[in-house]
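This report describes selected features of the structure shown below. Please read it alongside the sequence.

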Amino acid sequence: MKTSAKRDGAKRDRETVNLRSRAYESFTQRLLADEIRPGQFISQRELVELTELPLGAIRELIPRLEAEGLVKTVPQRGMQVAHVDLNLIRDAFQFRLFLEREAVAVFAQEAPEATIRTLLDDHERIVAACAETEAEGRGIPPDLLKEAQDVDWALHLTIIDTLGNAIISDAYRVNQIKIRLIRQSKTKLNTAVLAPTMREHLAIIHATLARDPDQAKAAISTHILSARDRAIGLR
């Protein structure tokens, strides 16, 4: 009987953790899809309807969202989704700069050459496709922009994850959600910034291929500060 009760308890615990994870994933997906808007006030009941998950899972989700700065409770008004303002832009990009600058130095020294070559091939493919559309007098199609955005994110996540540090990777991904919110309203990859972004990325990749951590740090700093300045409106 005791063994059976333990199994049942363990099963309930796994189901609870799974529900919390599903609630978090559902919330962030809807946030990044603009179904939940930055700065929006939202109730627990509305989150239940949006996520199609039980109220208990939403109540357990909220402390995590508050701890990560994705929502905050405003007295007498309720729960407010993080909104894009100057403080968020500065804080998110500063956090990103600190993490990526040190991570890329390690990446330049320790990353397998095959990993770096894959990143190089992906970027050169995007650059070639952009040059082809430009030569033909066509605008950059949406599917190419999406592919370029995926390649963009993949570079940064690869650099961070190569550290093999789950705490850093998790913290980076929370901050990346905030960066993506900023990009949706400020610096989302588009035809005007695609080519400069790819050039900045290639500078990072070539520095890592040369196994030059100082140059890699300089290149990634230039890239991140450029994105920050676009978000603030300086470029």
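## Strand pairing

Strands β2 and β3 (residues 78-81) run antiparallel and are joined by four bridges. Helices (H or I, at least four residues) and strands (E, at least two) are DSSP runs, numbered from the N terminus, and two strands pair if DSSP finds at least two bridges between them. The model is predicted: local features need pLDDT of at least 70 and side-chain atom pairs count only at pLDDT 80 or more, while totals for chains, interfaces and linings use all residues. Residues are numbered from 1 along each chain as its sequence is written, and side-chain values use heavy atoms, with hydrogens and water left out.

The open sheet has three strands in the order β1-β3-β2, with antiparallel pairing. Because β1 (41-42) and β2 (71-74) stand at the edges with a single partner strand each, one side of each has no neighbour in the sheet. Val74 has Gly78 in β3 as its bridge partner.

Strand β2 also holds Lys72, which is partly exposed with a relative accessible area of 45%. Here buried means under 20% relative accessible area, exposed over 50%, and partly exposed in between (1.4 Å probe, protein chains only). Beyond residues up to four places away in sequence, Lys72 touches Gly78, Met79 and Gln80; contact means heavy atoms within 4.5 Å. From Lys72 to Ile62, ten residues away in sequence, the C-alpha to C-alpha distance is 9.0 Å.

## Two buried helix residues

Leu120 belongs to helix α5 (residues 113-135) and counts as buried at 6% relative accessibility. Apart from neighbours within four places in sequence, Leu120 is in contact with Leu202, Ile205, His206 and Leu209. The C-alpha atoms of Leu120 and His206 are 8.1 Å apart, although 86 residues separate the two along the chain.

Thr208 is found in helix α8 (residues 191-209) and is buried, at 1% relative accessibility. A polar atom of the Thr208 side chain lies 2.6 Å from the backbone oxygen of Ile205. Not counting residues up to four places away in sequence, Thr208 touches Val104, Phe107, Ala108, Ile116 and Ala216.

## Charges over rings

A charge sits over a ring if NZ of Lys or CZ of Arg is within 6 Å of the ring centre and within 35 degrees of the ring normal. Two such cases are listed below.

| Charged residue | Ring | Distance to ring centre |
|---|---|---|
| Arg64 | Tyr24 | 3.4 Å |
| Arg180 | Trp153 | 4.1 Å |

Conventions. A polar contact is a pair of N or O atoms within 3.5 Å; within protein, one must be able to donate a hydrogen and the other to accept it, and residues adjacent in sequence count only if both atoms are side-chain atoms.
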